[in-house]
Amino acid sequence: MNHTLKVALAQISPVWLNKEETLKKVENSIIEAAKEQAELIVFGEGLVPGYPFWLALTGGAEWNTKVNKELHAHYVSNSITIEKGDLDTVCELAKQHSIAVYLGIIERPTDRGGHSVYASLVYIDTDGLVQSVHRKLQPTYDERLTWAPGDGNGLQVHSLKDFTLGGLNCWENWMPLPRAALYGLGENVHIAVWPGSDHNTKDITRFIARESRSFVISVSSLMTRDDFPKDTPNLNQILEKAPEILANGGSCIAGPDGEWLIEPVLHKEGLIYHTLDFNRVLEERQNFDAVGHYSRPDVTQLSINRERQSTTKFID
């Protein structure tokens, strides 16, 4: 039956700034979801190796300080370089279990020199192939102190059974034009990944669903003071101002009518399951289709540059 899709929302905490240990949690979640016959699993924004919480806690905007340099170096060292095989085991598990994966990573790509990092959303298909890597277009506020801005190359959609999947990172979901780009590609399951808070997911998840007449899957992570590893550089300074809860989850699903299928789940680690019915998309598109019968391309059109940006071009 191609018109249904069982999805798993992985609301987990990272082993903060530890790439290898966090990847183990990702891999175990994939195996667990596959045992429950899930066909798609989604993880939160920047889960591997974690969100840069220190920026708001250590004076991240202070110029040329040792603490910020040390934490940034530690972060970059634990980030993901796809070209070097960091996601190979995740891809193998996706293929072995025939499960598609959306995974939020901090990417350290070689096509931009290998030293800057991006908040990227990776889609791995059921054959274990990386089909797109969407680098967050505009890091939000203090994120700009550690993440570089991305490009349009990852504004892609992917077919899975009858469904067409697309995704954005965190506050990108508030950007009307990237949303419209995905709608125009036929998206009917929108993946919204977040570092972890219901104040992000509780309103916009339903709004995007109602605007697009699509399923919207919001997935967040968890983080508490106790989740900071003891070997984190400058940990004492981080903990001086760290609240007890830094990320409370808030993972949820809204249907194409904008109503909850799963309301935001708080303070609970684990996998959340739901089965989507494609017919609900067709029902709700009957009266509104933002890029179809309810659009006026003769009046307004959107132009998208999907070229992967690079500082250098070599001609040999």
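Visitor: In which sense do β3 and strand β4 pair, parallel or antiparallel?
Guide: Strand β4, which covers residues 118-124, pairs with β3 in the antiparallel sense over seven bridges. Strands here are DSSP runs (E, at least two residues), as helices are (H or I, at least four), numbered from the N terminus, and two strands pair if DSSP finds at least two bridges between them.

Visitor: And which residue stands opposite S120 of β4?
Guide: That is I105, which faces S120 across the pairing. Please keep in mind that this is a predicted model, in which local features need pLDDT of at least 70 and side-chain atom pairs count only at pLDDT 80 or more, while totals for chains, interfaces and linings use all residues. Residues are numbered from 1 along each chain as its sequence is written, and side-chain values use heavy atoms, with hydrogens and water left out.

Visitor: What about β2, how many bridges does it share with β3?
Guide: Strand β2, residues 40-43, pairs with β3 over three bridges, and the sense is parallel. Within that pairing, V42 has Y102 of β3 as its bridge partner.

Visitor: Is β3 mostly covered or mostly open, then?
Guide: Strand β3, residues 100-107, is mostly covered, since eight of its eight residues are buried, that is, under 20% relative accessible area with a 1.4 Å probe, counting protein chains only (exposed is over 50%, partly exposed in between). A100, Y102, G104 and I106 point one way from the strand, whereas V101, L103, I105 and E107 point the other way, and all of these are buried.

Visitor: Where is S98, and what is its phi?
Guide: S98 sits in the loop between α3 (88-97) and β3, and phi of S98, which is not a glycine, is positive, near 50 degrees. S98 is partly exposed, with a relative accessible area of 45%.

Visitor: Last one: which ring has the charged end of K6 over it?
Guide: The charged end of K6 sits over the ring of Y273, 5.2 Å from its centre. The cut-offs ask for NZ of Lys or CZ of Arg within 6 Å of the ring centre and within 35 degrees of the ring normal. R135 likewise lies over the face of Y118, at 5.2 Å from the ring centre.
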